[in-house]
Amino acid sequence: MSKTKITPEDALAFHLLPHPGKLAIQATVPMSTQRDLSLAYSPGVAVPCEAIAADPQAAYDYTTKGNTVAVISNGTAVLGLGNLGALASKPVMEGKAVLFKRFADVNSIDIELDSEDPEELIAAIRLMGPTFGGINLEDIKAPECFIIEQRLKEEMDIPVFHDDQHGTAVICAAGLINALHLSGKKIEDCRIVLNGAGAAGIACLELVKTMGAKHDNCIMCDTKGVIYQGRTEGMNQWKSAHAARTDLRTLEEAMQGADVFLGVSVKGAVTREMVASMADNPVIFAMANPDPEITPEEAHDVRLDAIVATGRSDYPNQVNNVLGFPYLFRGALDINARAINDEMKIACAQALAELAREDVPDEVAMAYGRKLSFGRDYIIPAPFDPRLIHRIPPAVAKAGMDTGVARRPIIDMDGYKRSLKARMDPTASILEGLHARARQNQAQMIFAEGDDIRALRAAVAYQRSGLGKALVVGREADVKSKLEAAGLGDAVRELRIINAANTVHLDAYKDFLYDRLKRKGFDASDVHRLAARDRHVFSALMLAHGHGDAMVTGATRKSAHVMEQINHVFDADAEHGVVGVTALLHQGRIVMIADTLVHEWPDQNDLATIAEGAASVARSLGLEPRVAFVSFSTFGYPVSERAEKMHMAPKVLEARGVNFEFEGEMTVDVALNMTAMESYPFSRLSGPANILVVPARHSASISVKLMQEMAGATVIGPILSGVAKPIQLCSTNATENDILNMAVLAASKVG
Ligand SMILES: NC(=O)C1=CN([C@@H]2O[C@H](COP(=O)(O)OP(=O)(O)OC[C@H]3O[C@@H](n4cnc5c(N)ncnc54)[C@H](OP(=O)(O)O)[C@@H]3O)[C@@H](O)[C@H]2O)C=CC1
Ligand SMILES: CC(=O)C(=O)O
Ligand SMILES: [Mg+2]
């Protein structure tokens, strides 16, 4: 697996831009008219207030309570970094909140409380009960976390769940079930060593014992070594419950002959020697974050037979509570649960373990750059597995219903599973899919504009994200000084910088170009100038000769000019059926507009070609194309000469016998809104259109820019379809991230 290299600068920039932090709040109701105001606020708001006063359960219907979880910390155990305090824990808590949203569509808000006094924390959190459907406690150190959670569970009527305890224990249990399955050992026979007797450690060992591990076979260690019966130093009642009858005193001694090591302590706590002394087929879960107790490389160095997991996303087998808390809360919220109980946690662990043993869909395999199948390097589902959202919450909800904590049981389980699938934003998986394919292809990407810092930053990000090799066209000294000025001086060595003036291939490139242009009014000196001095032409020549797999350009010059230059090398014009398609991503929806680049005033045949090009782009993004030819008239009314070609284009497609849905002509609202489409029951579209073929390039540009400026839509493209090699153009106002996305798109098409 290619490892993503993240620098401290990357991490800070990610948190700084485009806005400080990682989340925002968005209204879900219209707030534009006097009437909206009267309904949302006084006087309309009084009605739900009274309804809730009469029946508290109504809060789940009329407020956000039922889908809102608080992520609460006091920062006393921030990951494995220790007591950084409430304020410094905020990035982690915001992070958990975004994970809740991304993976389970749970709205979540972070709350950092500046106190280490359990009583203060209990009082503060208890008072927040009315606001939330659940409380996720996070990174509060042991033993205070045990007292706080226990009391809040008793005193609150919503789920209170300390993620570091139970989230970790659930995932650890799921991974362990599968790891032991592979090593052919029974949990009751295993000698288990757990390092880190805090929030995560105590909960993990308790669950492992519930699963059948014998008390006398389990050794728990902390900073003072083995927790044995009679030890007095650094003890508390939770540690005492796991004190072993043993003469072992150090982690090193405990590890000898152990079958399983569970680490929830700190970076580097385990040595190669300790791993070497373990039993056959040892299981090692080094779960400390951000750095594990021992890296998989170090462990495998001494024990090839080890099954190793960490808490990180850049190694196989990520045993991290991100696989648990989003889905546990999703299931709990959907039954308006009073609590998350042990049965719900066990159901979650079992569902996760089962899922990992099943066949893995290709999209998941691609996201991880390798074929995943149940085995030593795949014992637990991967976080981007799209099946998690509809497999885990139903198991949790069912367990909650069976054990009587549901205020509102689910009656139609199949309907519930379908609704879970629909919850997820399809745009997220499309972008993830593109990244996945790009990562798998490991393309050598030509960044043509090495004189532009945005392109250079994108090239660095491309390479450091493990997507492939970045080839930058530019002068070495210039690239170096620009990168240094941007604080990226160390990236110079990582990139391959190609200077057109002194490449060994220049003569071959010139011969090729001369052949293409000699009958088009270009002489040898024109060709030399183009090949050696124009970065777009030079880059296209590199690509044409296989000295790179794909290219991205267009940030420094208008796309019409860039297309003209590229056309000297490739047949990238309307005549050759090339089409520009722009994808608009907005509010969980994707709509493509075509042609946004190549055809200026297409006729009906061109329009049909544009539809075909756009359909192939849609399929490459994993979408089943539904094309609408759009205009200001719908199915012939009002009659207009201008709309004629849009009316005729579907007939051309019919004659071509294409294998995707299309219809037209129609207005955009009919194309995108199934209710409006109901007035035309003969329409052949089975759902709202996802491709709008527009009458001309100006209407394409207007539509895209209007959506971008007014609605804040994310714009990807124009994506070029029909060129012999993957080339992507970005716009002159592209950001580093836009350029990177274009590179990813180009890379996803390689191969
Ligand atoms: N992968 C995952 O999903 C998760 C991983 N974790 C990781 O687990 C670790 C602990 O978190 P948490 O339980 O919340 O923290 P706590 O502060 O509650 O507990 C930390 C425990 O680790 C022990 N410890 C610290 N250093 C060492 C050492 N060198 N050798 C042995 N034990 C040591 C402490 O010992 P003592 O009692 O003597 O002070 C304490 O018992 C962190 O690294 C965290 O990132 C946590 C949750 C989830
Ligand atoms: C993953 C997590 O919750 C932790 O490391 O604290
Ligand atoms: Mg944590």
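Which residue in strand 9 does Leu262 stand opposite? The model is a predicted one, and in it the residue of strand 9 opposite Leu262 is Phe285.

Strand 8 covers residues 260–263, and strand 9 covers residues 283–286. The two run parallel and are joined by four bridges. Strand 8 also pairs with strand 5, which spans residues 192–195. Here too the strands are parallel, with four bridges between them. Within this second pairing, Ile192 has Val260 of strand 8 as its bridge partner.

The side chains of strand 8 can be sorted by direction. Val260 and Leu262 point one way, while Phe261 and Gly263 point the other way. All four residues are buried.

Now turn to the ligand. Ligand 1 is surrounded by 30 residues, and the closest are Gly80, Gly198, Asp222, Ala288 and Gly311.

By residue class, the shell around ligand 1 holds 13 nonpolar, 13 polar and four charged residues. Both domain 1 (8–163) and domain 2 (166–321 + 334–380) take part in the shell, and each contributes at least three residues.

Definitions and conventions. Residues numbered from 1 in each chain as written. Chains lettered and ligands numbered in written order. Predicted model: local features only at pLDDT ≥ 70, side-chain atom pairs only at ≥ 80, totals over all residues. Near = placed C-beta within 6 Å. Nonpolar A, V, L, I, M, F, W, Y, C, P; charged D, E, K, R; others polar. Domains from an automatic or database assignment. Buried ≥ 20, exposed ≤ 12 C-beta atoms within 10 Å, placed from the backbone. Pairing = 2+ DSSP bridges.
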